[in-house]
Amino acid sequence: MLSAAIILSLGYIIWIASADGTSGATTVLPVVLWHGMGDTCCLPFSLGSIKKLIEEHTNGTYVRSLKIGGNVVLDYESGFFVHPNEQVEYVCKHLAQDERLAKGYNAIGFSQGGQFLRAVAQRCPEPPMRTLITLGGQHQGVFGLPKCPTLTATSCEYLSRLLNEAAYEEWVQDELVQATYWHDPLHENHYRLGSTFLADINNELYLNENYIENLNKLKRFVMVKFLNDTIVQPKDSQWFQFYTSGQDQVIQPFNESKLGLDRMLREGKLQFLGIEGDHLAISKAWFIEHLVPLLLSA
């Protein structure tokens, strides 16, 4: 049986005991969920409980928790070993085939599932995503592994050394998901030229106008940061902030990006939420109070 500490390091949602509440609606857009690293679509104590919670508080709206591959084993492995570009393409295809999503849907991404769903919004505008909520998403990437996920101490040391020394080698980018959003602020050119996922969806390699146009089709983009996060380094990445180039101490304030986020901010489409607690540690009451209303609004 996994201890709470290990579960947390896997990227599972950890429910904090709290009072419950109720909400309801007659017609609510479907909701798409994408799990984080080390999780799967349907574990009853993780995204399975999220799915049930949303259904209960939205009068049974359709909730699709994404499964990458034909079974939960492949789904779990995808979080480490299936390139995000391949995963996003897979998801776009399956969402387009789901008739229940044809009129639009809201989306919630957990940890790395957050930036993956943002890539879906940017690359696949049909069916239309209306609201994107990211919980602990690493929108500017990560630099460091303060708590190594799911591996033995020896493997953790190897993984950390591999990312620090060879994250942008072609074979590492191809075979390790976390390398594709490893953002080294000390070597920005290496990052921009070597990152095969994050640098692209952040428009840092070349300007993709479609990404800007499609992201701005969102009605709302909500970023939730865990204020005591010990997994994501720096935790400010969850609010689309990162280290100032050339060092790894000072965080550059949120400002203009190459995705038109400044425009979204002016139009009131961006929302930044902070919650006390470690990575993905959240209470049902907080979820119901702050996130369910976003799903209920048209």
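Buried, in this talk, means under 20% relative accessible area, exposed means over 50%, and partly exposed is in between, with a 1.4 Å probe and protein chains only. This is a predicted model, where local features need pLDDT of at least 70, side-chain atom pairs count only at pLDDT 80 or more, and totals for chains, interfaces and linings use all residues. Residues are numbered from 1 along each chain as its sequence is written, and side-chain values use heavy atoms, with hydrogens and water left out.

Backbone to begin with. Most residues other than glycine have a negative phi, and most peptide bonds are trans. N203 has a positive phi, near 60°, and is buried at a relative accessible area of 2%. L280 also has a positive phi, about 65°, and counts as buried at 0% relative accessibility. As for cis peptide bonds, one runs from E126 to P127, with omega near -5°. Another joins Q233 and P234, where omega is about -5°.

Now the rings. Rings of Phe, Tyr and Trp (its six-membered ring) pair if their centres lie within 6.5 Å; planes under 30 degrees apart are stacked, over 60 edge-to-face, and the rest tilted. The structure has nine aromatic pairs. One of them is F242 with Y243, edge-to-face, at 5.2 Å centre to centre and 65° between the planes. Both F242 and Y243 are buried. For F254 and F272, the centres are 5.3 Å apart and the planes at 65°, so this pair is edge-to-face too. F272 is partly exposed, at 29% relative accessibility. W34, F116 and F197 make up one aromatic cluster.
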